[in-house]
Amino acid sequence: MFSKPEMLLAAVISPAVTARRAGGRHGYPNAGTDVAGSWAARVFRCYPVSLVVLAPYVLFILPVAVVYENPDLGTLVRLTGLALAGSFLVETVALPLRRSGLGWNRGARAANDHPRIYAVARGVAMVSILADLTGVMVGRGTVFTQVSGSLPDSPLGSLSALVSGWSALAVALLISAALGGRANTRGVAGWLLALALTQALLVVMTARASPLLGFISFLAAAGVISGIVRARYLAVAAVVLALAWPAIFELRNDIREGGGVSVSEQVTADDRLRLDLQMSAVAHHRVPVDLPKPGPEDYLRYGLVPRVLDTDRPTISTGTMINQYLGGSAISAYSFLTLGNVYFLDGPLAVVAYYGLWSALVVLLLRAGGPPGPVRLAALCFTLAGPLLWSGTYPDSMIAIIQHMVSAVPVFVLLGLTGRSGRSGGRHHAGRHRPAGITESGYALPARVAGVARP
């Protein structure tokens, strides 16, 4: 199904994930083999949110601000420091939780050794791809819909919106299949490539490039934290995207002009990459500003009730409200990026609290009770693709994560049902395929009983 591009992506994925050594068809590694592969992956799991927050600023935003002598560079550094103050403190306090009885490699394989995980992951990926393409064809998410200020009234648009977060869910389940030894490197790489290419195709169909950049950022973060992507390739990917950006920008503009949307000739591809200016503009406002924000009832209504059942509710677009506050129109949106939006809407202390609380959640998802299984990996991916995505829009992303968790419930139920039936059918063969230190029910034995060294 996949050819040379998939093989190149497979080279990026850590080969330790699918090492098939002494362990039968399930591919369990030897006691000394680490699924994480490198020290960088272990560091990312110790300080996941801090490094996810820091990466885009160190790799791109702050260097550009220095090169162009941004007068508000101090504001950018201060905001980054506030975010790190919240996340770094929580993650440092939680460091004693980073070990489990089996360590990451065996614990991750035990937690993700689901007999049908790869089949479910492929099904979710296919549904996500079809839903994204179908939704765009009826007008959902396009710049033309945004300019008109209307939502598509097609039933297909409403149905596709129900699974709008399944691209992140598919990534989580593919990671789970890789960690559990249920899928090989090329298979996982191929499906991840298919999801990324779908986002690239959506750039052509929607005339919006930001979702593609956001998806690639999320994919890199999830891959490195889980250990299936080699961390050293992140810098290479950032350089490749920077080189490809002018062509993507021109393509986006051509599509917009072809659809009747005006494009400013004064804004170049380099200007659009000045994200330091986009974010540092927050320095010229007294924060927090008095703008309406979603309340608890909005989180419940928009997060738990699908729009197909509540068609009359208005849209929530904080980017549009910010744009109007800055003197713009209601048919465009502006964002100071996630970090800047938190600061703009809620003030400096809220930045520390925001990243501290999400760090606590990520720590629990990664370490509480051992490495995460499919459900916890899904929650982690929803978090990385939503509230912690550097290019996201706060607080809209807070509602989106609730929507995505609700839409994933049927998949979680399916995993539970297929997991029970698969284990009962394969129990007679458990002795041949189970690694040392794992009981028949998947729980870890103490190291001295299992006869293996504790990592």
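## A walk through a helical model

The expected span of a helix is 1.5 Å times one less than its number of residues, and helices here are DSSP runs (H or I, at least four residues) numbered from the N terminus. This is a predicted model, in which local features need pLDDT of at least 70 and side-chain atom pairs count only at pLDDT 80 or more, while totals for chains, interfaces and linings use all residues. Residues are numbered from 1 along each chain as its sequence is written, and side-chain values use heavy atoms, with hydrogens and water left out.

How much of α19 is buried? Nine of its 12 residues are, so α19 is largely enclosed by the rest of the structure. Buried means under 20% relative accessible area, exposed means over 50%, and partly exposed is in between (1.4 Å probe, protein chains only). Among the buried residues of α19 are Pro-374, Leu-377, Cys-381 and Leu-384.

### The nonpolar cores

A nonpolar core is a set of buried Ala, Val, Leu, Ile, Met, Phe, Trp, Tyr and Cys residues joined through side-chain atoms within 4.5 Å. The largest one has 92 residues, and those that touch the most other members are Leu-169, Val-171, Leu-173, Phe-218, Phe-344, Tyr-355 and Leu-384. Helix α9 (residues 166-179) gives the most to this core, with 12 residues. A second, separate core of seven residues includes Leu-212, Trp-245, Ile-248 and Phe-249.

Let us look at two residues in this part of the chain. Leaving aside neighbours within four places in sequence, Val-171 is in contact (heavy atoms within 4.5 Å) with Leu-192, Leu-195, Phe-215, Phe-218, Leu-219 and Cys-381. Ala-170 is found in helix α9 and is buried, with a relative accessible area of 0%. Not counting residues up to four places away in sequence, Ala-170 touches Ala-121, Val-124, Ala-125 and Leu-195. The C-alpha atoms of Ala-170 and Val-127 are 43 residues apart along the chain and separated by 9.3 Å.

Thr-198 sits in helix α10 (residues 185-206) and is buried, at 8% relative accessible area.

Asn-341 belongs to helix α17 and is buried, with a relative accessible area of 0%. A polar atom of the Asn-341 side chain lies 2.9 Å from the backbone nitrogen of Phe-336. Asn-341 and Tyr-394 are 53 residues apart in sequence, yet 5.9 Å apart in space, C-alpha to C-alpha. With neighbours within four places set aside, the contacts of Asn-341 are Ile-322, Ser-335, Phe-336, Thr-393 and Tyr-394.

### Backbone details

| Site | Feature | Angle |
|---|---|---|
| Val-287 to Pro-288 | cis peptide bond | omega near -5° |
| Tyr-394 to Pro-395 | cis peptide bond | omega near 0° |
| Glu-69 | positive phi, not glycine | phi near 55° |
| Leu-337 | positive phi, not glycine | phi about 70° |

Pro-288 is found in the loop between α14 (275-280) and α15 (296-304), and Pro-395 lies in the loop between α19 and α20 (396-425). Are Glu-69 and Leu-337 buried or exposed? Glu-69, in the loop between α3 and α4 (73-93), counts as exposed at 69% relative accessibility. Leu-337 lies in helix α17 and is buried, at 3%.

### Empty space inside

Rolling a probe the size of a water molecule over the atoms shows where empty space is left. The structure holds two cavities of 30 Å³ or more. On a 1 Å grid over the protein atoms alone, a cavity is a set of points where a 1.4 Å probe fits but cannot get out, and lining residues have an atom within 4 Å of a point. Grid points are joined across faces, edges and corners, and a volume is the space filled by probe spheres set on the points. The largest cavity has a volume of about 50 Å³, and its lining includes Val-53, Tyr-57, Thr-338, Tyr-355 and Trp-390. Helices α3 (48-67) and α17 (337-346) each supply at least two residues of that lining.

Conventions. On a 1 Å grid over the protein atoms alone, a cavity is a set of points where a 1.4 Å probe fits but cannot get out, and a pocket is an open set with protein on both sides within 12 Å along at least five of seven lines; lining residues have an atom within 4 Å of a point. A polar contact is a pair of N or O atoms within 3.5 Å; within protein, one must be able to donate a hydrogen and the other to accept it, and residues adjacent in sequence count only if both atoms are side-chain atoms.
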